[in-house]
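Reader: I'd like to learn how to read a structure like this one. Could you walk me through it?

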Amino acid sequence: MYAWLPVLLALAVVFVNGWTDAPNAIAAAVASNALSFRRAALLAAVCDGLGAAAAMTFWPVVADRMWALAGLANSPQPMASLCAAFGAVVLWAAAAWRFGIPTSESHALLAGLAGAALARPDGLRSLEPSAWAAAGWGMVLSLLLGAGLGALSLSLLNAAGLPAPLLRRGQVALTALAAFLHGAQDGQKCAGLLLFTLPAGGPLSPRQAAVLCAAVMALGALLGGRPIVEKVGRRLVALRPASALASDMGGCAALLVCTLAGLPVSTTHAKTAAVAGTGWSDGKPVDRTVWRELALTWLFTFPGCALLAFLLARIPRLLSI
């Protein structure tokens with residue numbers, strides 16, 4: 001049973017990613033009525049799988065970075081560290097989902113890995129500084145690029161004066177692209193760590209692991225993603241067809257740049273920043289209560305998940321895996 005615990009926890013992390021992270025890719029399209037929630041979630045499921053499989057096959061840089069971030073190569077008990085990190089992510093995401101707050105499972109996972117590393121004898125010395133520097137740059141860039149490119153995209157769309165039906169069709173295409181890029185980011189992160197939990201020469205190839213992760217992620221989005229869509233797509237700022245499409249363009253551009261650069265970033269941060277930046281550029285007030293909730297959750301994600309993982313890694317039964 002214990003041999004399968006890391007695999008089950010890895011899939012649980014993928015599932016809660018669908019709960020609280022993947023819905024950001026479809027929030028704007030649902031809010032502007034370009035797609036119903038169920039159709040958007042199904043479209044995202046397919047494109048998430050394609051993005052994860054393509055990234056793991058042709059550009060697995062983010063997955064490789066996650067291995068370096070985890071510092072598991074020389075760890076005496078790598079599965080214990082992974083179980084602690086995965087467990088912390090699931091607990092944190094479940095608490096955030098209860099309040100409809102879109103957390104970043106990417107950064108929760110980074111925090112969990114760091115906390116689990118602190119519990120090992122070699123501590124933070126096992127972590128590769130360059131990989132963590134890349135993660136830090138990715139966090140900053142995803143926010144700045146999302147907000148800036150969202151505002152720029154709105155200016156271009158306003159100048160073009162496209163009719164609303166055409167804008168909504170564009171949103172369908174951008175929703176598919178956002179989900180593809182979410183799969184290329186989070187899908188390959190999860191698939192890479194899932195493969196690490198399986199025995200060498202195990203039953204899954206990288207592409208199959210990516211597709212499995214995308215399917216589990218889609219199930220999480222279908223079962224629990226609606227509160228996140230409501231908060232980001234409707235409550236954070238009022239979106240019209242042009243601003244909704246602009247937020248998709250800004251979020252997608254930010255994710256594409258960071259993925260090609262091999263930076264592990266958060267779809268939540270990129271897309272939420274794009275929605276806020278677009279709304280600000282459109283002269284729409286950003287709901288300060290919602291933004292405060294998001295900012296506080298992001299602020300406490302790292303110390304909260306790191307502490308949880310540290311405590312879980314100290315459990316004797318877990319360390320005996």
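Predicted model: local features only at pLDDT ≥ 70, side-chain atom pairs only at ≥ 80, totals over all residues.

Reader: Let's start with a single residue. Is Q185 buried or exposed?

Author: To sort a residue, look at its relative accessible area: under 20% is called buried. Q185 has 0% relative accessibility, so Q185 counts as buried. You will find Q185 in helix α8, which covers residues 164–197.

Reader: Which backbone atom does the side chain of Q185 reach?

Author: The side chain of Q185 comes to 3.0 Å from the backbone nitrogen of V265. Once neighbours within four places in sequence are set aside, the contacts of Q185 are V62, L255, C258, T259, L263, P264 and V265.

Reader: Now a loop residue, please. Where is I26 placed, and is I26 buried or exposed?

Author: I26 lies in the loop between α1 (5–20) and α2 (27–31). Its relative accessible area is 2%, so I26 is buried as well. Not counting residues up to four places away in sequence, I26 touches F37, A40, A41, A44, T175 and V229.

Reader: D248 sits in α11, I see. At roughly what angle do the axes of α11 and α12 cross?

Author: The general idea is that two packed helices are described by the angle between their axes and the distance between the axes. Here, the axes of α11 (residues 241–260) and α12 (residues 267–281) cross at roughly 140° and come within 8 Å. The crossing of α11 past α12 is right-handed. On the α11 side the contact is made by S243, A246, S247, D248, G250, G251, A254 and L255, and on the α12 side by T267, A270, K271, A274, V275 and T278. Sorted by class, this contact has 6 nonpolar, 6 polar and 2 charged residues.

Reader: Let me try another pair. How do α5 and α13 cross?

Author: The axes of α5 (residues 78–98) and α13 (residues 288–313) come within 8 Å, crossing at roughly 135°. That angle makes α5 oblique to α13. The crossing of α5 past α13 is right-handed. From α5 come A84, A85, G87, A88, L91 and W92, and these meet T297, F300, T301, G304, C305, L308, A309, L312 and A313 of α13.

Reader: How many nonpolar, polar and charged residues does the contact of α5 with α13 have?

Author: The contact of α5 with α13 has 11 nonpolar and 4 polar residues, and no charged ones.

Methods: Residues numbered from 1 in each chain as written. Heavy atoms only, no water. Axes fitted to C-alpha atoms, helices over the stretch in contact; angles between N-to-C directions. Helix = DSSP H or I, 4+ residues; strand = E, 2+ residues; numbered from the N terminus. Parallel < 35°, antiparallel > 145°, perpendicular 65-115°, else oblique. Left-handed = near helix turned anticlockwise from the far one by under 90°. Contact = heavy atoms within 4.5 Å. Nonpolar A, V, L, I, M, F, W, Y, C, P; charged D, E, K, R; others polar. Buried < 20%, exposed > 50% of the residue type's maximum accessible area, 1.4 Å probe, protein only. Polar contact = N/O pair within 3.5 Å; in protein donor to acceptor, adjacent residues only side chain to side chain.
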